[in-house]
Amino acid sequence: MPHTTDVVVVGAGPAGLAAAVTAAEAGLGVALVDTAAQPGGQYWRHYDPAHARPGDHVGHHGWRVFTGLRDRLDALRADGRVRHLPGRQVWLVTREPEGTFTLRTTATVTAAPEGQPDDAERTLSARALVLCPGGYDRQLPVPGWDLPGVLTAGGVQALLKGHRTPAGRRAVVAGTGPFLLPVATGLARAGVTVAAVVEANGTLGWLRDPVGATSAPGKGIEALGYAALMARHRVPYRTRTVVREVLGADRVEAVRVARVDRDGRPTGPEEEIAADLVAFGWGFTPSLELPLMLGVDTAVDTDGSLVVTVDDVQRSSVEGVYVAGEATGVGGAALAVHEGRLAALALAAARGRPADPATIRRLARAVRRGRRFATAMHRTYPVPAAWPEWLSEPTLVCRCEEVSYGDLRRAHDDLGAEDARTLKMLARPGMGWCQGRVCGFATAGIAACLRGRGSTPEDLRPLATRSLAVPVPLGELAALTEDTTPVGATDTTLEEGGPNGE
């Protein structure tokens with residue numbers, strides 16, 4: 001077995017980067033594992049410095065925070081106080097009988113180091129974990145969403161930030177939430193004609209929670225900046241409107257939009273808008289593969305996501321496991337940085353390292369303020385309750401397995417599938433390449449809607465639990481030692497509801 005380090009931080013986005021730097025500066029031995037070749041995560045996605053151009057940081061928020069954290073990480077790494085493992089992803093984590101954690105890692109496709117990785121990189125051992133896995137775009141199916149030219153809002157943003165590539169020439173940005181604004185303005189700055197931003201909710205929901213809305217004053221300034229940019233580029237902003245259907249033969253040609261009421265039910269005539277790009281954004285889904293492997297407690301957040309429950313210093317229900325960032329509830333980069341720092345300082349204090357109690361209290365207050373703002377945001381921009389009513393029988397829900405809405409209805413009506421897990425077993429949504437990452441939230445919502453109730457953790461958990469956190473080359477499995485503890489843990493996960501529901 002490899003040397004056991006004090007803490008392994010998984011993920012080098014805002015939360016993980018802050019956690020790794022803070023833990024190392026508090027005197028803990030730190031290993032930082034991240035899938036990307038450089039730190040920053042999706043939020044601070046950027047070019048390699050060797051290929052950077054002046055102005056690449058335009059559109060980034062908190063850029064000075066990022067560069068400060070990155071510089072501190074570089075110094076700590078040079079000092080030997082942080083072992084940074086970029087281009088690697090954790091596919092299995094287990095807790096050993098003595099209380100330590102074993103993590104199995106594999107090289108990512110895009111950033112794999114040259115040659116065969118050594119055993120120390122493939123297997124890590126830690127006394128504690130800070131899990132900061134982030135999240136990914138949540139998607140809701142609509143007729144035609146499988147046409148070429150339909151992307152997630154985050155995917156469009158990643159192409160702009162990471163490759164300077166606009167994904168189309170005439171775009172409609174649709175869904176709900178503040179994230180639609182940076183995507184639309186980023187496209188407009190890149191020379192794309194943004195035909196419309198189609199927001200499913202109104203904007204006066206903030207008035208229902210003035211305390212939460214004012215808990216993060218900087219967000220209001222950001223919103224004003226986006227409004228000015230949209231006005232400058234003459235981008236129409238339509239509220240209480242949704243894309244009912246994406247139109248086209250071989251690729252996107254137009255969208256059909258309609259006004260809706262608060263629950264998402266159509267209230268007026270439909271209209272077509274020409275476009276060759278549709279960017280859908282319905283919020284984000286936390287990546288919970290690793291926390292769920294360890295059996296942490298979960299709950300449904302205000303936005304309908306399954307999230308890890310943590311205490312006031314980011315401790316999960318599993319001893320030695322801290323969780324920060326989107327996995328505890330989607331709330332933005334500033335909140336994630338506070339949570340990462342708080343988790344690291346709390347862990348340092350628990351390990352007998354110097355940690356200023358006043359700083360911990362200050363960070364805890366900042367986290368509470370950030371959570372209040374996030375709750376107000378989610379209440380202002382909910383996923384419309386009636387969204388399953390937009391679907392026609394042939395609409396694909398699971399694109400990997402080509403499972404339609406009609407297939408799910410028949411599994412419910414004819415075969416008695418009354419929950420998401422049974423729908424998964426009988427109709428096969430979530431059993432394809434993405435293992436439910438794209439269709440999981442939608443399938444859980446449809447299962448709940450067919451039963452006339454809201455989604456519960458029991459609906460969401462079967463479509464978020466995976467035996468292996470990421471696809472793994474067979475060579476990695478073959479390279480495992482004869483110690484079968486991790487393999488046994490995998491078998492248990494399968495029996496309790498893995499990818500095949502067996």
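This is a predicted model: local features need pLDDT of at least 70, side-chain atom pairs count only at pLDDT 80 or more; totals for chains, interfaces and linings use all residues.

Colleague: OK, and what is the mean pLDDT of the protein?

Modeller: The mean is 88, and 90% of the residues reach 70 or more.

Colleague: Switching to rings. How many aromatic pairs do you count?

Modeller: Four aromatic pairs. One of them is Tyr43 with Trp44, an edge-to-face pair at 5.7 Å centre to centre with 70° between the planes.

Colleague: Is Trp44 buried or exposed?

Modeller: Trp44 counts as buried because its relative accessibility is 2%, under the 20% cut-off. Tyr43 has a relative accessible area of 29%, so Tyr43 is partly exposed.

Colleague: And which residues do ring pairs link into a cluster?

Modeller: Tyr43, Trp44 and Phe66.

Colleague: What about Trp282 and Trp390, how are those rings arranged?

Modeller: They form a tilted pair, 5.7 Å centre to centre and 45° between the planes. That pair links distant parts of the chain, with the two residues 108 apart. Trp282 is in the loop between β15 (277-281) and β16 (284-286), while Trp390 is in the loop between α10 (357-380) and β20 (396-398).

Colleague: Why do Trp282 and Trp390 count as buried?

Modeller: Trp282 is buried because its relative accessible area is 3%. Trp390 counts as buried because its relative accessibility is 3%.

Colleague: Now the surface. Which residues make the nonpolar patch?

Modeller: Leu415, Met425 and Leu426 make a nonpolar surface patch of about 280 Å². Leu415 is in the loop between α11 (405-413) and α12 (420-427).

Colleague: Why does Leu415 count as exposed?

Modeller: Because its relative accessibility is 56%, and exposed means over 50%.

Colleague: Last one, Gly68. Where is that?

Modeller: Gly68 is in helix α2, residues 63-78. Its relative accessible area is 27%, so Gly68 is partly exposed.

Colleague: How far apart in space are Gly68 and Thr267?

Modeller: They are 49 Å apart, C-alpha to C-alpha, and 199 residues apart in sequence.

Note on methods. Residues are numbered from 1 along each chain as its sequence is written. Side-chain values use heavy atoms; hydrogens and water are left out. pLDDT is the predictor's confidence in each residue, from 0 to 100. Helices (H or I, at least four residues) and strands (E, at least two) are DSSP runs, numbered from the N terminus. Buried means under 20% relative accessible area, exposed over 50%, partly exposed in between (1.4 Å probe, protein chains only). Patches are made of residues with over 30% relative accessible area and no salt bridge: like charges are joined within 9 Å, nonpolar side chains (Val, Leu, Ile, Met, Phe, Trp, Tyr) within 5 Å. Accessible areas come from the Shrake-Rupley method with a 1.4 Å probe; for residues, only the protein chains shown count as cover. A salt bridge is a side-chain nitrogen of Lys or Arg within 4 Å of a carboxyl oxygen of Asp or Glu. Rings of Phe, Tyr and Trp (its six-membered ring) pair if their centres lie within 6.5 Å; planes under 30 degrees apart count as stacked, over 60 as edge-to-face and the rest as tilted.
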